[in-house]
Amino acid sequence: QYRMDERKVMREGLSSFLNGLKGKKLLVEMRGEKYANGVLEDCDCFLNLRMKDVSILQGTETISLRSFFIRGKFVRFVHMEDYADIVASVRKGIR
């Protein structure tokens with residue numbers, strides 16, 4: 001029986017880096033040629049993202065939302081607006 005230890009995944013996975021980017025502006029590319037541009041509020045070990053002040057872009061349409069939740073399975077790429085110190089972000093995300 002497979003049981004994932006969420007704390008271990010949060011310490012060792014990509015989610016620890018993303019947690020270190022809380023409060024930063026990100027562009028998340030999702031399946032279906034959709035993009036979410038906003039501020040990261042939270043990330044869990046499954047890469048589910050909660051964002052605020054988001055603009056959703058799909059084709060020529062833009063929708064503005066106060067908050068937006070993205071299931072990890074729909075995330076294709078995460079683009080950062082500014083350079084992020086990876087080691088510092090991981091350390092911050094682990095805490």
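In this predicted model, Glu29 sits in strand β1, which covers residues 25-30. Glu29 is buried, because its relative accessible area of 12% falls under 20%. Its surroundings include residues from elsewhere in the chain. With neighbours within four places in sequence set aside, Glu29 is in contact with Lys34, Tyr35, Phe74, Val75, Arg76, Phe77 and His79.

One of these contacts, Arg76, also forms a salt bridge with Glu29. The closest N and O atoms of this pair are 3.6 Å apart. Arg76 has a relative accessible area of 42% and is partly exposed, whereas Glu29, at 12%, is buried.

Arg76 has a further partner. A salt bridge joins Arg76 to Glu33, with 3.7 Å between the closest N and O atoms. Here too the pair links distant parts of the chain. Arg76 is in strand β5, while Glu33 is in the loop between β1 and β2, and the two are 43 residues apart. Glu33 counts as partly exposed, because its relative accessibility of 48% lies between 20% and 50%. Through shared partners, the salt bridges join Glu29, Glu33 and Arg76 into one network.

Another salt bridge involves Asp42 and Lys22. In this pair the closest N and O atoms are 3.3 Å apart. Asp42 lies in strand β2, residues 34-43. Lys22 lies in the loop between α2, residues 14-19, and β1. The pair therefore ties together parts that are 20 residues apart in sequence. Asp42 is partly exposed, with a relative accessibility of 27%. Lys22 is also partly exposed, at 35%.

Side chains of opposite charge can pair when their charged atoms come close. The count of salt bridges in the model comes to 4. Among them are Asp42 with Lys22, Arg76 with Glu29 and Arg76 with Glu33.

Technical notes: Residues numbered from 1 in each chain as written. Predicted model: local features only at pLDDT ≥ 70, side-chain atom pairs only at ≥ 80, totals over all residues. Heavy atoms only, no water. Helix = DSSP H or I, 4+ residues; strand = E, 2+ residues; numbered from the N terminus. Buried < 20%, exposed > 50% of the residue type's maximum accessible area, 1.4 Å probe, protein only. Contact = heavy atoms within 4.5 Å. Salt bridge = Lys/Arg side-chain N within 4 Å of Asp/Glu carboxyl O.
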